[in-house]
Amino acid sequence: MALISLVYSKEPGSVMALARLLFFIMIPVFVIGPFAGVYVDRWDRKRVMIIADLARGLAALAIPLFVIMDNMIGVYALVFFIFSATRFFLPSKMAMIPSIVSKEKLMVANSLAGTTRMIATLVGFAIAGILVKMIGYMSGFYLNAASYFISGILIFVITPKKELANLKEDFEITKEAVEKGVRRNVLGEIAEGFKSLARKDKMRIASGTFFLLMAGSGAVFCVIIVFIQEAFGSITEILGLFGAFLGGGLFAGTIIFGKYGQKFSKIRSIYAGLFLCGLAVNAFALGAKYNPSFIVGGMLIFVVGLAAGPVMVCINTLIHELMPDEVRGKVFSSMEALIHLAFMVCMFLTAYLSKFLSNYIIIAGTGLSFAIIGAIGYFSIKGQRAN
């Protein structure tokens with residue numbers, strides 16, 4: 001919310017200005033991400049997460065200094081640094097989950113991980129949109145910094161199962177892993193991470209669906225921000241509340257699927273979620289264009305989150321089930337690079353197309369694509385591949 005408000009203050013109503021900001025958020029995925037995944041598998045993941053939080057908190061504290069100096073290049077550089085540190089944090093987080101819980105509880109663990117994230121999203125979006133309007137975007141940067149420091153403290157008290165194992169056995173395993181890691185070529189390990197995304201049918205479906213989901217998200221991300229600002233006449237307040245509805249839907253979808261989802265096929269659940277997301281996005285765009293209603297719009301955004309939550313849980317669980325521990329960091333980093341490439345390319349494409357097509361057409365077209373692909377995937381998947 002703070003960055004959106006800052007960009008709006010510089011270039012009101014510009015889709016390309018938002019895309020430019022997102023460029024500095026996304027580019028670390030390609031420059032830093034693949035290397036980060038390799039080293040995450042070599043280093044202590046808990047320590048990596050704590051250092052990343054500390055670095056991000058300090059960088060967030062520095063952003064207001066560059067805003068005061070009216071130095072947007074400095075702001076972009078700090079945004080780049082923050083999301084470079086995030087490239088180490090995210091694969092460490094995802095790869096560490098199986099070290100905390102048993103294999104039988106992975107579905108529940110991924111659901112709970114998604115739940116806590118969505119609670120933060122729900123509260124954060126709603127409060128941030130209002131706070132930024134009331135006291136300005138500078139406060140948003142200070143709150144962001146505080147959240148990173150609190151996160152680092154909470155991670156510090158986590159004790160993975162690995163740390164509780166026999167010390168001698170743990171030392172031998174660690175020694176063997178380090179020696180193996182030193183011998184192997186870093187670029188070769190990066191390539192291995194990308195190859196792992198296509199080694200199995202279910203892995204191809206998981207990575208392909210994630211690619212599609214992020215491509216669609218990128219296509220509408222900047223466009224829908226401007227679309228909402230224009231349709232509802234609010235820069236951050238309504239946007240933040242809609243973000244809270246989205247977070248609430250993701251929260252509910254994650255909780256419900258975490259409790260009952262093991263009864264259903266993960267692959268079919270992914271495609272069903274895509275289909276429902278597409279329908280809800282189309283309905284939201286149609287309503288906001290012709291009869292903007294905060295309540296109706298919020299309910300439809302909630303449905304988008306409700307359908308997307310199970311998709312994310314299924315994808316992450318499939319990766320945990322299919323990939324051995326020693327390559328999970330590389331796989332998650334490779335996945336991040338792949339999906340953010342889709343996001344960034346589609347984001348700039350629709351930012352350019354917004355000069356010739358209405359924002360409504362872009363959003364509705366993306367929603368329709370989701371619905372069609374979801375329906376085709378659901379009914380075409382058969383037999384063992386659906387389980």
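Biologist: Leaving aside its neighbours within four places in sequence, which residues is Ser269 in contact with?

Modeller: With those neighbours set aside, Ser269 is in contact with Phe257, Phe264, Val311 and Cys314; contact means heavy atoms within 4.5 Å. Please note that this is a predicted model, in which local features need pLDDT of at least 70 and side-chain atom pairs count only at pLDDT 80 or more, while totals for chains, interfaces and linings use all residues. Residues are numbered from 1 along each chain as its sequence is written, and side-chain values use heavy atoms, with hydrogens and water left out.

Biologist: Is Ser269 buried or exposed?

Modeller: Ser269 counts as buried because its relative accessible area is 12%. The cut-offs are under 20% for buried, over 50% for exposed and partly exposed in between, with a 1.4 Å probe and protein chains only.

Biologist: Which helix does Ser269 lie in, and what does its side chain reach?

Modeller: Ser269 belongs to helix H13, residues 266-290. Its side chain reaches the backbone oxygen of Ser265 at 2.7 Å. Helices (H or I, at least four residues) and strands (E, at least two) are DSSP runs, numbered from the N terminus.

Biologist: And Arg268, where is that found?

Modeller: Arg268 is also in helix H13. Arg268 is classed as partly exposed because its relative accessible area is 29%. A polar atom of the Arg268 side chain lies 3.5 Å from the backbone oxygen of Tyr378. Arg268 and Ala375 are 107 residues apart in sequence, with their C-alpha atoms 9.8 Å apart in space.

Biologist: Changing topic, which residues touch the most other members of the largest nonpolar core?

Modeller: Those are Ile228, Phe284 and Ile363, in a core of 84 residues. Helix H11 (residues 201-232) gives the most to this core, with 15 residues. A nonpolar core is a set of buried Ala, Val, Leu, Ile, Met, Phe, Trp, Tyr and Cys residues joined through side-chain atoms within 4.5 Å.

Biologist: What is Ile228 in contact with, beyond its neighbours within four places in sequence?

Modeller: Ile228 is in contact with Gly233, Ile238, Leu239, Phe242 and Phe284. There is also a second, separate core of six residues, including Met49, Ala52, Phe89 and Ile155.

Biologist: Finally, how many helices and strands does the protein have?

Modeller: The protein has 16 helices and zero strands. Of its 387 residues, 51% count as buried.

Methods
Polar contact = N/O pair within 3.5 Å; in protein donor to acceptor, adjacent residues only side chain to side chain.
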